[in-house]
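Please look over the sequence and the model below before reading on. The report that follows goes through domains, annotated regions and a pair of helices.

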Amino acid sequence: MDFAFTDEQQMIRDTAESFLSEVSTSEAVRAAMATERGYDSALWERVCQEMFWQAIHIPEEHGGMGLGYVELVAMLEQMGRYLFCSPFFSTVCLGVNALLVAGSEEQRAQYLPEIVAGKTATLAYAAANGGWGSDAVTATCAADGEGYRIDGSYRYVTDGHTAELLMVAARADCTAGDEGISLFVLPADTPGITRTWLPTMDQTRKQAELVFDGVTVGGDALMGEAGRAWPQLARVLDLARVAVAADQVGGAQQSLDITVDYLQERVQFGRVIASYQAVKHKAADMMLKVEAGRSALYYAACVADEALQGGSLGEGLVEAASIAKAYCSDAYFFNAGCGIQLHGGVGFTSEYDIQLYFKRAKSTETFLGDASWHRERIARQLLDGEAVA
Amino acid sequence: MKLSFSPEDEQFREEVASWLADNLSGEFECVKGRGGPGDEHHLVEERKAWERKLHEGGWTCIGWPKEYGGRGASIEQQVIFNEEYARAGGPGRIGHIGETLAGPTIIAFGSDAQKQKYLPGILRGEEFWCQGYSEPSAGSDLANVKTKAVFEKTDEEGAGTWRISGQKVWTSLAHESEFCFVIARTDPQSVAHKGLGFFLVRMDQPGVTVRPIEQLTGTSEFNEVFFDEAECDASDIVGAPGEGWKVAMGLLGFERGVSTLGQQMLFQNEFDAIVKLAKANGAAQNPALRQRIAEAHIGLRIMRYNSMRMLSGGEDGSLQKEAMIYKLYWATWHRNLGKLAMDVMGQESEILEGAPYELGRLQSMYLFTRSDTIYGGTNQIQRNIIAERALGMPREPRG
Ligand SMILES: Cc1cc2nc3c(=O)[nH]c(=O)nc-3n(C[C@H](O)[C@H](O)[C@H](O)COP(=O)(O)OP(=O)(O)OC[C@H]3O[C@@H](n4cnc5c(N)ncnc54)[C@H](O)[C@@H]3O)c2cc1C
């Protein structure tokens, strides 16, 4: 057992940190978030060509780097710290994960190299206000000749208006819950798809609504088995939750760091405000949250890694993902909220960055289940003796 | 990062588990899940006998180097031992102050003679220790100790006797202990951290008086200890006179929290009892309590992951950030667990098991958790330390 970064993992983390501190400055983030696309295409191209980040955990046989989830999480933590605006999360943490978990040999061989080459992707499954479980899938699919016909709508789709490749869930008519769900992969420009950008409170990550109206796909678009895809989709979502938690730990850390920097500068009553105990104690509580969150995250990263490799630790993915997502959601919100308070009036301005973290904390908290959603999932395991997927 | 254990370690796990299955039964059935803070006063003789049994199997002080009678167990093996001990329902260790504080201090800073004299008793589970730090005027401000140690030389070689006078307070388990490690002022002119000595003092002597203090639980696990010219041989000071602070603090960095895993196992037992009760009395259907039970579970898991990070941390022994939050984290978590236990008990939480003040296990745990955020550095002191040492914020002004 060695629950610390290896030298190589540390290097990946450090490289991400130094690159992002240069390219994902406050000005760059603000410029990107003001656009509908939400990121700078030239920068994304640079990331794909020079850094090769999009390929991090794609197997080498498909042209990727073949690294694991711990490396991915180390990088995501830095992206969260610097509020990196890019299609990385949607493409890698939703798209690649879905292909790795549910894609057939042919689908992986076709799409993973395309992603390595710079194509973007995302996953759509949830309808409006339907929660984050299997009930959220309301779009329908029906056999249509050799292929399928998909109808219905999806909301909260990360980068849904810009992604080039879509993975979508739909259910057979008259099915409910975990039953009857299928997963498909298709190009975003397939006829019948309307994609609408949804303006969001957190402008650093873009969301869209997708409406499918009589969209027809071939039989080769089906991922996994027709009507039995929920366990795979659930696994993809748990992998994505670990990735969101990484973003949250990075953001919670940066909320603390920029706040402490400010406290050390600002003078009131003839002393730097960092010298007041009420302020010190709040900062200490913030550090506790982020360090405990980081412990939860790294454990979940190891579990996610084994879940993808087929190791025995991977069986604990549901629990580890819920623990990380529940704790890190609360920790990020706490740190960013305290951060605003400790900044005083300037914390309420758009000029200071703490507000960006505060908004990102809320959007990441909501996405894929907030803390109480995940606590209830754990409670079902503990108290009702249910095996929860 | 790697969380799996090697085949040798897994074999070690089987060895521990089967020994515990064979031995934590019969006459020791009654100590299962007992002891630890809040339950320290129960089944004391039985638990002392269990300590000796552990020694027979070679399961005390497993992290100590082999030359001192330990197993020289790796961090992984110590983790495994604690996990299996928890799984088997092993009782709270009555010898933990000796095994995890006194012993390692003596190993790191003590003389050969001290090692020969004191380590075997700890190892055999026969001699128990208490910690004589706090005084009426030295609580959070520990360096303010007033207890004095005066040296009477008997020859020019340095032989002689220290005479210790003063008062210690809140001394846990002093009434069950053979020895106490005491910090006292060797230089009467000195203030704060300077001029202190670290003494190994025999409790059974005319100069030492132990007076139990009744706690809010109605029981007495800690005491006042009065020293009136208590004797301590010249050979029983650890380090030089004046170096007591360094010795007292020195271990914190190296220890990296292996012993905390032993504590987590007790927490797990308590948590399991709460879950069982919630299922039995219907509290498990209450949505608000479900949230808090899940939160407690999440908190305990993270405590474990955090210790695993601590244990894998820097080889240089420096205290890392995850180690600096540890006390504040667990104490606050446990205090919340106490409250949760009462809320799960519901209306029955008020009703005692008997007169005059016979607390049930969860009730006693609940009351006792109020001390977790006080002893070993209060939550406020922990926050000062985190803000100053980890975040580099200005130090508190001193009076
Ligand atoms: C159950 C139990 C067992 C114990 N066992 C032992 C033992 O075996 N051996 C031993 O030596 N001691 C033991 N102690 C003593 C314990 O370490 C002290 O109680 C503790 O260090 C606090 O000191 P105090 O009680 O004097 O409180 P004080 O220091 O008087 O503190 C009172 C309050 O003031 C706050 N405060 C004090 N200073 C500051 C500051 N600078 N900034 C902000 N707030 C501050 C504290 O946080 C606390 O809330 C035990 C205590 C308990 C409760």
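This is a predicted model: local features need pLDDT of at least 70, side-chain atom pairs count only at pLDDT 80 or more; totals for chains, interfaces and linings use all residues.

## A term to begin with

## Two packed helices in chain A

Two packed helices are described by the angle between their axes and the distance between the axes. In chain A, the axis of helix H1, which spans residues 7–23, and the axis of helix H4, which spans residues 69–81, come within 9 Å and cross at roughly 25°. H1(A) and H4(A) are therefore roughly parallel to each other, and the crossing in which H1(A) passes H4(A) is right-handed.

On the side of H1(A), the contact is made by Gln9(A), Ile12(A), Arg13(A), Ala16(A), Glu17(A) and Leu20(A), while H4(A) contributes Val70(A), Glu71(A), Ala74(A), Met75(A), Gln78(A), Met79(A) and Arg81(A). Sorted by class, the residues in the contact of H1(A) with H4(A) are 7 nonpolar, 2 polar and 4 charged.

## Annotated regions

An unreviewed UniProt entry gives the annotation "domain: Acyl-CoA dehydrogenase/oxidase N-terminal" for residues 6–119 of chain A.

For chain B, the annotation "domain: Acyl-CoA dehydrogenase/oxidase N-terminal" in UniProt (unreviewed entry) covers residues 6–126, a span that is 57% helix and 0% strand, with its end C-alpha atoms 34 Å apart. UniProt also lists residues 130–228 of chain B for "domain: Acyl-CoA oxidase/dehydrogenase middle" (unreviewed entry); residues 130–228 of chain B are 0% helix and 48% strand, and their end C-alpha atoms lie 18 Å apart.

## Domains and their contacts

Chain A is divided into domain 1 (7–119), domain 2 (122–223) and domain 3 (230–384). The C-alpha centres of domain 2 and domain 3 of chain A lie 29 Å apart, and the contact between these two domains takes 16 residues from domain 2 of chain A and 15 residues from domain 3 of chain A.

Chain B is likewise described by domains, namely domain 1 (7–94), domain 2 (129–242) and domain 3 (256–390). Here the centres of domain 2 and domain 3 of chain B, taken over C-alpha atoms, are separated by 31 Å, and 6 residues of domain 2 of chain B are in contact with 6 residues of domain 3 of chain B.

Conventions
Residues are numbered from 1 along each chain as its sequence is written. Chains are lettered from A and ligands numbered from 1 in the order in which they are written. Side-chain values use heavy atoms; hydrogens and water are left out. UniProt positions are given in the numbering used here, feature names are shortened, and annotations may be inferred rather than shown by experiment. Axes are lines fitted to C-alpha atoms, for helices over the stretch in contact, and angles run from 0 to 180 degrees between N-to-C directions. Helices (H or I, at least four residues) and strands (E, at least two) are DSSP runs, numbered from the N terminus. Angles under 35 degrees count as roughly parallel, over 145 as roughly antiparallel, 65 to 115 as roughly perpendicular and the rest as oblique. A crossing is left-handed if the near helix is turned anticlockwise from the far one by less than a right angle, and right-handed if clockwise. Contact means heavy atoms within 4.5 Å. Ala, Val, Leu, Ile, Met, Phe, Trp, Tyr, Cys and Pro count as nonpolar, Asp, Glu, Lys and Arg as charged, and the others, Gly among them, as polar. Domain bounds come from an automatic or database domain assignment.
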